[in-house]
Amino acid sequence: MLTQQIVNGLMLSAIYMLVAVAFTLAIGVLNFLNFSIPGLFMIGGMVAFGGLRLGLPWPLAFGGALGAAALIALAVERFAYRPMQGSDPETPLVSSLGFLVLLENLMLVRFGSDQQSFPALLADMNLRFGGLVIGIAQLISMALSVLLVVWLSWFLSRTNTGRQIRTVAESRETALLMGVNMGTLVPRLFVGSALLASSAGLLFAVNYQQVSPFMGEGVGFKGVAAMIVGGMGSIWGAVLGGLLIGLVEVLTISTVGANFVNISAYGLLLLILILRPQGLIGQPPSREKL
Amino acid sequence: MTFLSVCDLCVRYGRVEALSGVSLSLREGEIVTVLGANGAGKSTLLRAVLGATPSQSGSMIFNGQDVTKLAAHERIARGIVLVPEGRRIAISLTIEENLLLGAHLRRDMVQIKKEIEGIYERFPNLGSRRNLLASCLSGGEQQMLAIGRAMLARPKVMMLDEPSLGLSPLFVTKVFDLIKELNRDGLSVLLVEQNAGKALAVAHSATVLELGRVMMSGDPQTLAADPRLQEAYLGEAST
Amino acid sequence: MSALVITNLSKSFAGVQAIADLSFEAPKGLATALIGPNGAGKTTVFNLVTGVYPVDAGTILANGIDVTRMRSRLRIGTGVARSFQNIRLMAHLSVLDNLLVGQHIRANRLADLLTPYRLIPGHRWKRDALEALDQCGLADFAHSAVSALPYGVRKRVDLVRATLAGASVLLLDEPAAGLNPTETNALRDDLKALKAKGVTLVIVEHDMHFVDSICEHVVVLNFGQKIAEGTLAQVQKSKAVRDAYLGTEEEA
Amino acid sequence: MKKLPILTLAVAAALQTSSALAGDLVLGYMMAKSGPYVSLANTNEIAVDLAVEEINKKGGINGKMIKVVKFDTSGDPKQATTALRRFAQDDGVLGVIGPFSSSEVRTTFPVGEREGVAQMSMASSAPGLTKGFTYGFRNTTDEGKVIEEVFASIKAKNLPAATGASVFASDDVVSKSIGTAVIPEMFTKFNVALKGSVDFQYAAFDLSPQVAQIKQMAPDVVGLGSPPEGAVNLAKELKRQGVNTRIVGGTTIADPELPKRMAGAGETLTIGTTFFPEVNEKTRAFTAEFAKRATAAGLPRNEPNQFDASVYDIVYLYAEAMNNAKATGDAGKLKQEREAVRDALAKIRNLPLLEGAISFTDGDAVKPVYILEVKSGKWTLLDTRMPK
Amino acid sequence: MSGYLTGVLVTLCFNIIAAYAVYLPMAAGQLNLGIAGFMAIGAYAAAFLTNEMGWSIWPAVAVGSASSCIIGLVIGIPVLRTHGIYLAMATFALGQVIAAVFLNLEVVGGAAGYPVASYAAPAVIFMATAGVMLFVMLLSTTRFALYLTSVKSDSTVSDLMGISVRSIQAAAFAIGAAIAGFGGALYGHSYNFIEAQHFNVMLSVFPVLFVLFGGTQTVFGPLVGAMFFTLAPELLRASAEWRYAIFAFFIIVFMAVRPQGLITTSLFAAFRKRPNGGKV
């Protein structure tokens, strides 16, 4: 049973991980806590659902969902991020949350508040080892999210754009003097982050066969927690954080009860923030210069 | 033949006028040095030439083309490259990645690799630690890396902003030797320096800024002898 | 007796020695200039004296009190106040409010904290601050937003803020940098007036004329070390100083 | 602060719907057309309008027409109290239809008590909500009673139920009381051995850890306290992990579309509900008319749910009460007439309506319970239990 | 006054109180995303006192507010070691944990919620809100408020001026918590019912939006922000299902055009004649 719970926890972790990475891209590089990410996560699931309901073949529906998320991310960059440069650091929070509320309500108007059943793409195939049940869909999505993260990590560490992104993350000023073109890099980052969030939403929909306008909130906030537990701005930190939060959640449910999930998951977050604010893997911020 | 010409450049930060009508020109293969006290606007001038700080008015011709309207990355692609003040090495990147960052606008990987090897040959200290984080370098080594990084952008004009700042005398000499060497290989250099004596010794031409304006300019020997320069630095009454 | 006594002070950042075994004194009631090329460690000295950075080794005495290990917040209580190289005025506050913050050390009790002074016309805090502004001819700017002020005015407000703490030792970080000649003259008058009141000044400055007109004592730093000390005329004659500033081909 | 009065006046002016025509019998109706309950509640309005139209077409009550003033509460308790204050103080209503959710009921019943105006909820089914309130009514059956009938039916039909587990959403009022109180009590009463209980959060999407626990217990029946989403997720996950068990629930999961939403999972899921379209002519006619109007309004669902039926009957219950109380809608006698309507409501016994014969005891409706079972992906009527 | 207006104004009052609870720490540069947790503490503590101990409302509200304040201080001191976005996330986590604790606290009803017997009429709420506004506005004329802005603008320099940055921040955080607890305590007695689920993330986040929307530069920003956020959805009531979507759209556009918020000091200065003498 513990093994089964760990398997269950891993699936959850994979989703949190992707969302955490989406957050970490925005915050680590741009110092922007992008609260529209839960909305983009939801868009991934809901738009794909809408597409399938219209009778689109799934590659088209999925592509449409990712495309929609990318376009929305560009709007977020344009209206929530860009005008706020130079104002109080918490200001972009308002408009990015505005986007979350807007997206949720648009989907609400279109699809209603109900949780909707997402059609099963794969026949209900499960691998059984003794008592242990592992869904094929679970395995595939887990593999996909791991692949995505590994690819991203490769991308950041090995490619030209990746180096530019890491330079921006360290110092915008240095990047500017090196001729990094912020005008195109920032929107690309937003799109990348949105693609991660919406793919997480898609995988979620495929896996749990459900979508709803509010599906992003719970997952999104846990994703933020995962990001911080691991270490803000670090991809592998987000992975570790996602793993931890997912496992803590599942183990809490199976040992203490579902009502204690928020206490343990967010308690862990609080503890980390107090004891080691830079997260498990993360560099402490350096002292300012006068 | 003028290679880079800056004409009547004005830069404001909010209400503060940092540069007011600065003009400057540089011929191909020359070292031009810009001198001046703190706050005279030297760094602002280099940033404006790079395009990283927007200028309110003025024009800039480079290599026969009007580059006034171009963004920093477009100017860098045309060969105007800056080695910034304080070096600005990305310390979360490795030494090799810093070099690659300098080449980020280029696509010719094979040639880039070759040039990086060239840099390592020139600075064995960098080559032996190529895969370590740049934070492990000393100030002088960081300056070498910063110059190497700029080299990889294939500069036609290299601008150096106080390259000797905070370096030990040994490294200061190294840096100036390097600048001379690069210049001998045909690179044009725009050099901002605190160390006026060293700068004037290598320069073909010099400009002194004061409070955002050109105070004087001319050939370095004349300037070095000009009491106003001593005055600008040491405040000695010219007797 | 010296107002500020620095003995064998050392500080390094990430292996780079910023201040190395530095000793000097700022004589009481006089102005001491701290000069040297960029990166010589002048501002670092101020940061160590005011406690922005912890000291690696050495001692700092301010008005006879050892502040070496004292918390940065409490050091202003020993009579040491400072201004900042890149003018650190509170951008969200008006000029007057910035000055009121500067007065904190003189209005330090809980009752002071909770007095609704803004509702009390002509409260002494506001009066004091306005008076100090008036003396510098800046009274018109009292209610302006800091960000809207010309650079020179901001610099002088920064100075007034430092004086309002009632300090006996003022550390001024490049007070004249970026000022036009008129403003520089006004600043000089301000500083002379302070000196006349017995305030000890320690000034980091690049403008040697300015130093010449104010400072009786000059300490020259290079690479975190003292390379010369004396009157300006004395240090200007020093070869080490000329090398540090103008550089020479013979060295190295 | 000149803005405050101006803005509020503007708001008031913008929203003040035309007050009731003199002589109409006015009812207030709290809708949940936005917010978390919109999918369950947004068809309610069709049922209300339908009932009002039918009554007015037949000449109204005491020669007066019924008029309904509507207010969208978004399912938010704060807005619900605003709605009630408005109905009571501004619109001169004789009674109020709604509110929808238990949380809203919790905040509006005290207000209704102070204002002296009756309310009747169509959906809130948390145990004991009407206790202590003389003006608070619910046309819902206490979940305890519903689930008791379900188990009685299962036992009567000799379906396997030797062992059981309790599964519930722990952060939802109704679900939790079902899971922690009702189910264990029923298990004892009907000799089902309780193997354990498992909880999940209302918004949980992943029930695999819970199902892994259920799998270990291998119960014959799972007593479920949850909203429909939880039932769907649980059924799917049970199927995925290969657990065969009968899910038993109350009206909280009585969603007409539940079998469709479970997409092949949840066979033999058994519930008690207060409405089933296939019971008789009357229910079939209502279902047909409802479908027509819902389609015309472009709503996503055109099959009535239990709340649509309930709210339809609430209009008739008020009509009956206003008739018995001889209500005139006269503004001068509002206070007495509200009280009379309340008293008349409380006295209703075996009034034959859409859902069956309805009576009130202690503010809660007593009415027939239909036991439904999912067979080949559709609701089928297993049993009808009449109230004792 | 019409019943509708009363209802809307009561809602507005609670939003104003919540906005000021967020405003004080934010004036010191702390983004508190866990204000709902402190409301919950005040609400449950006060409700417990009136329900189980038979206290009358005012002392209960006072104790509720005080317990929120004390817990804010005790938890705030370690939490305030973090800065910026870390602090925001720490308070966010804190709010979640507090709400989850009440969800599991059976002595106050747990998940079933907690009915509150004593009733605070709208007039009481209006008075209490006026009191909170008066308190914050008075506070804004003191050195304390001055130091909040000073610490926010530049904590290093504030420290060098001798201001105890940590104490000022802790005080701002605790007073914010006290106001939140006060609002929560009144909330319970006004609506006669509290449930842990009510004190969720959105309840924490919306007051932050009120303040940022209204503007943090002046003490009137939160008031205007709360008014807008309460009244705009009411004005949009006619558009039924679209109203929250339109509302969100408006927020985005507004913030893009005016990121510093609606009410700013410069706006004030434009309205104010040049003050004669030293009046600020």
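Predicted model: local features only at pLDDT ≥ 70, side-chain atom pairs only at ≥ 80, totals over all residues.
Biologist: How much area do chain E and chain C bury between them?

Modeller: Chain E gives 31 residues to the contact, and chain C gives 35. Buried area is what two parts lose on being put together (accessible area, 1.4 Å probe, summed over both). Of it, 65% is on carbon and sulfur atoms, and the total is about 3,000 Å².

Biologist: Which residues of chain E lose the most area to chain C?

Modeller: Three residues together make up 26% of what the chain E side buries. They are Arg143(E), Leu160(E) and Met161(E).

Biologist: Which residue of chain C forms a salt bridge with Asp154(E)?

Modeller: The rule (a side-chain nitrogen of Lys or Arg within 4 Å of a carboxyl oxygen of Asp or Glu) finds one salt bridge across this interface. The closest N and O atoms are 2.5 Å apart. The partner of Asp154(E) is Arg88(C).

Biologist: Which element gives the largest share of the side of chain E that touches chain C?

Modeller: Helices (DSSP runs of H or I, at least four residues) and strands (E, at least two) are numbered from the N terminus. Elements giving two or more residues to this side are H5 (122–139), H6 (143–153), H7 (155–160) and H8 (165–191) of chain E. The largest share, eight residues, comes from H6(E).

Biologist: Which are the edge strands of the six-stranded open sheet in chain C?

Modeller: The order is E6-E7-E8-E3-E9-E10, with mixed pairing (at least two DSSP bridges between strands). Each edge strand pairs on one side only. They are E6 (80–82) and E10 (225–230) of chain C.

Biologist: Which residue stands opposite Thr32(C)?

Modeller: Strands E3 (31–35) and E9 (217–222) of chain C run parallel, joined by four bridges. Thr32(C) faces a residue in E9(C), namely His217(C).

Note on methods
Residues numbered from 1 in each chain as written. Chains lettered and ligands numbered in written order. Heavy atoms only, no water. Contact = heavy atoms within 4.5 Å.
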